[in-house]
Amino acid sequence: MISSDICIIGAGPVGLFAVFETGLLKMRCHVVDVLPQVGGQLTEIYPGKPIYDIPGYPKITGEELVGQLMTQIAPFKPSFTLGERVEQVSRQRDETFLLTTSAGTVISARVVVIAGGLGCFEPRKPVIPDLNLYEGNGVAYSVRDPEVFRGHKVVIAGGGDSALDWTLVLAGIADKVTLVHRGNTFRGAPDTASRVQELANAGKLDLIIRAHTTHLTGKGKLNGVGVSLHGGDSLIIPADDFIPLFGLTPRLGPIAEWGLNMDKDAINVNTIDYSTSEERIYAIGDINHYPGKLKLILCGFHEAALMARSAFRFVYPDQRINFKYTTVYGINAF
Amino acid sequence: MGSMRSERKIEFKAYDTDGDWRTVEITPDASLSLLDVLQSNGFDIPGVCGGLALCGTCLVKVICGYEKLPPPDDEEAAMLEMLPDTNPKDRLSCQLPLSSIMNGMVFRLQNYE
C-alpha cells in the first residue's frame, strides 16, 4: 500500500502545481492519473499548441509547461501511479482515505484532491450493438501486448495514427489483419499510411476503405465483424479480435459515484478553500464548479494554493500555519 | 451625427439530442463559433476541448444549408475522420464561425456518446 499525506487525482497542470503548493507546507503527495504520462489534457490533446495566458509566459506550449511544472515540483519528490484510474475512495474510521485504482493499487491519504480536469480519457467507442458484451471477449480498445494476437485474425477500425501503427505491428504477428477505414485517405503520418498501403498491395493485410463496421457476430466470444461498404455491399470478416481505434475522449468516470455534491459533470466547491461537500476532499481545476468559475489553468493554480492552506489542518492538526513567501524562505526540499 | 451600422440579425434552428428544437436569433459575429452560441443559448453541448477541434464533443449534423458552409480545414477534417460514427453532413460546431450564411440553417446536436 502506498501512503501519503495527500492523494491527488489527476496529473494535469493543476494537479502538478498542487504538489508544489502543498509541498511548500511540508505535505507529501502521491499523484494518480489514468493516462500513462503526466500533463493531462496538455500532453494528451494539445502538446504542441501554444498557450498565451500563463502569467509570465507570453507563449508556452502545453508540453513545455508540463516540463516546467515537473521541474518546479521535483524538490517535493511526488510519487506517481500512472495508467490507472481511481475507482473507489473510501473513508476509514481514523478519517484517512483508502483509494483503490483500476489495477488494484491501494493508496492511503489524509486528504484527497480531485484535479480531474475533464475526467478520464477513455477510448472513443463506435456505436455497434452489444459492443460492451464482447469487451474482454474479443473486443479491445488498445494493444498492450501485441503477442496476445499471435496467430489471431484481427480487425482494426479507424484511420488515425494509432490505427495505422497497430495495423503495421500486428501485420507481422497476427495470422491476418484487416483494417477498416471510413475514409478513402489516411490523415495519419504519410510514411505509415504508405507502408500500410504497400503491405495491402503485397497481400500481407486486408485494407477496406470507404466502409464502416456495423455489428459483431459470435456467441459470447467474437468470431466475426460485420462491415458495410459505402458502395452498398456488406460482408462479415472472420475475426478473433476487433480493435476499434478512434482516439480518446474524456468522461467523468467513477467520480460521479463518490457521493460528492455535483452540478452536471462538475463538483461543487466552496470558494473559501475549494473543499467539496465531503470533508478532506477538495476539487480544483476544470473539474470543479462555483459561481463565476473560469476553466483556466491560472485559476486552477490559484485554487491549488488556497486548497493547500486549508488541507494543512488535516495533515498537521497540532500545528499552526504561517504564511511564508518563497522569496524569503526559499524552497525546502524533502 | 453618426449612427452605428446595425448588422442584420440572422436566425437559425437547432435540435437538441432529444429532438426538441429552438430558433436562435443573433447578430453575426465571426469571433463567436456556432458552439459558443449554442452553449450561451442553453443547449447542452459539451465542447470539452474548448474549440481546438480535438475532442469531437461539439459535433452537429447540418440538416439544412450544409452546402453553404466552407469545407472543413485540415484539423477539423482530421477529427471528423477520427470520430467513429459521423454522417457526411456532420461538422464540428467549434470550427464554424457565426456568419450571415447561417441564416435559415438547421442543425442537430449529435450525441457524442
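This is a predicted model: local features need pLDDT of at least 70, side-chain atom pairs count only at pLDDT 80 or more; totals for chains, interfaces and linings use all residues.
Biologist: Let's take Val86(A): is it buried or exposed?

Modeller: Val86(A) sits in strand β6, residues 86-91 of chain A. The cut-off for a buried residue is 20 or more other C-beta atoms within 10 Å. Val86(A) has 26 of them within 10 Å, so it is buried.

Biologist: And which residues is Val86(A) in contact with, leaving aside neighbours within four places in sequence?

Modeller: Contact here asks for C-beta atoms within 7 Å. With the sequence neighbours left aside, the partners of Val86(A) are Ile9(A), Val32(A), Leu99(A), Thr101(A) and Pro254(A).

Biologist: Why does Asp286(A) count as buried?

Modeller: Asp286(A) lies in the loop between β20 (281-283) and β21 (288-289) of chain A. Not counting residues up to four places away in sequence, it touches Gly117(A), Leu118(A), Lys295(A) and Gly300(A). Asp286(A) counts as buried because its C-beta neighbours inside 10 Å number 28.

Biologist: Turning to the two chains, how many nonpolar residues are on the side of chain B that touches chain A?

Modeller: The contact takes 17 residues from chain A and 13 residues from chain B. On the chain B side, 2 are polar and 2 are charged, and the nonpolar residues number 9.

Definitions and conventions: Residues are numbered from 1 along each chain as its sequence is written. Chains are lettered from A and ligands numbered from 1 in the order in which they are written. Two residues are in contact if their C-beta atoms, placed from the backbone, lie within 7 Å. Ala, Val, Leu, Ile, Met, Phe, Trp, Tyr, Cys and Pro count as nonpolar, Asp, Glu, Lys and Arg as charged, and the others, Gly among them, as polar. Helices (H or I, at least four residues) and strands (E, at least two) are DSSP runs, numbered from the N terminus. A residue is buried if 20 or more other C-beta atoms lie within 10 Å of its own, exposed if 12 or fewer, and partly exposed in between; C-beta atoms are placed from the backbone.
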